[in-house]
Amino acid sequence: MPSRRRSKARGGEEPDPSELSRPLLQAQEEERRRISRELHDETGQALMVLRFHLEMLAGDSRSQEQKSRIDESLELLDRAIEGLRRTIAQLSPRVLEELGLIAAIRRQAELLTRHSNVRGHLELPEDLSWLDHDIQVALYRSVQEALHNVIKHARARNVTVRLSLSGGKTCLEVQ
């Protein structure tokens, strides 16, 4: 298969690697949004209807044993719905789209603290709304993955997320 890069010796320029990966990242984000919508529209709605039916059964139940089993089922269903909501939020984070990168990173740090023994410390600029959307998504996904890895592998008690701008470059550091 012939190379798409033109040789500098022949006067051509090599493409910027970030421009080559941009369509792939955009396709991945679109697929995540599609899956998120399907989970919400199909699975989420089905679980909510199931919850409604169980509540009706609990109200009609004459036996305490049966009511107790239905209540246990409702608790299990509520945990499943909450897990689905977390998954949907990870797939297509509304906070990133609606409030921007800084708020989305703050939200990830809050979730980290709430669901683990790890405290998140943030060093972030005040505003990055001017930053290219695809770069914001890539930064958000990087923070999301790094914090997931901290919980899963690091045995850390604290994590610092530092995002800085210098000389026209964006630097993300997770320590």
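Trainee: By class, how does the lining of the second largest pocket divide into nonpolar, polar and charged residues?
Mentor: This is a predicted model. In that lining, 4 residues are nonpolar, 5 are polar and 6 are charged.

Trainee: What volume does the second largest pocket have, and which residues lie nearest its centre?
Mentor: The volume of the second largest pocket is about 330 Å³. Its lining holds 15 residues, and R22, L25, D134, I135 and A138 are the ones nearest the centre.

Trainee: Which helices supply that lining?
Mentor: Helix 1 and helix 5 each contribute at least two residues to the lining of the second largest pocket. Helix 1 gives the most, with 9 residues.

Trainee: How much space lies in the largest pocket?
Mentor: The largest pocket holds about 1,100 Å³ of space. Its lining has 35 residues, with R85, R86, I88, A89 and Q90 closest to the centre.

Trainee: Changing topic, how many cavities of 30 Å³ or more does a search of the whole structure find?
Mentor: The search finds 1 cavity of that kind. The space in the largest cavity is about 30 Å³, and the residues E29, R33, S92, P93, L96 and E97 line it. Helix 1 and helix 3 are the elements that give two or more residues to this lining. By class, the lining of the largest cavity comprises 2 nonpolar, 1 polar and 3 charged residues.

Trainee: At what angle do helix 4 and helix 5 pack?
Mentor: The angle is about 10°, and the axes of helix 4 and helix 5 are 10 Å apart. Helix 4 and helix 5 are therefore roughly parallel to each other.

Trainee: Which residues make the contact?
Mentor: Helix 4 contributes L101, A104, I105, Q108, A109 and L112, while helix 5 contributes Q136, L139, Y140, V143, Q144, L147 and I151. By class, this contact of helix 4 with helix 5 has 10 nonpolar residues, 3 polar ones and no charged ones.

Trainee: On to the sheet: what is the order of its strands?
Mentor: The sheet is open, has 3 strands in the order 1-2-3, and shows mixed pairing. Strand 1 (119-123) and strand 3 each have a single partner strand and stand at the edges, so one side of each is left without a neighbour in the sheet. From one strand to the next, the twist averages 10°.

Trainee: Which pairing is parallel and which is antiparallel?
Mentor: Strand 1 and strand 2 run parallel and are joined by 5 bridges. Strand 2 (residues 158-166) pairs with strand 3 (residues 169-174) in the antiparallel sense, over 6 bridges.

Trainee: How many residues lie between strand 2 and strand 3 in the hairpin?
Mentor: There are 2 residues between them, and G167 in the turn has a positive phi of about 60°.

Trainee: Finally, which strands does helix 4 lie across?
Mentor: Helix 4 lies across strand 1 and strand 2, and runs at about 160° to strand 1.

Methods: Residues are numbered from 1 along each chain as its sequence is written. This is a predicted model: local features need pLDDT of at least 70, side-chain atom pairs count only at pLDDT 80 or more; totals for chains, interfaces and linings use all residues. Side-chain values use heavy atoms; hydrogens and water are left out. On a 1 Å grid over the protein atoms alone, a cavity is a set of points where a 1.4 Å probe fits but cannot get out, and a pocket is an open set with protein on both sides within 12 Å along at least five of seven lines; lining residues have an atom within 4 Å of a point. Grid points are joined across faces, edges and corners, and a volume is the space filled by probe spheres set on the points. Helices (H or I, at least four residues) and strands (E, at least two) are DSSP runs, numbered from the N terminus. Ala, Val, Leu, Ile, Met, Phe, Trp, Tyr, Cys and Pro count as nonpolar, Asp, Glu, Lys and Arg as charged, and the others, Gly among them, as polar. Axes are lines fitted to C-alpha atoms, for helices over the stretch in contact, and angles run from 0 to 180 degrees between N-to-C directions. Angles under 35 degrees count as roughly parallel, over 145 as roughly antiparallel, 65 to 115 as roughly perpendicular and the rest as oblique. Contact means heavy atoms within 4.5 Å. Two strands pair if DSSP finds at least two bridges between them.
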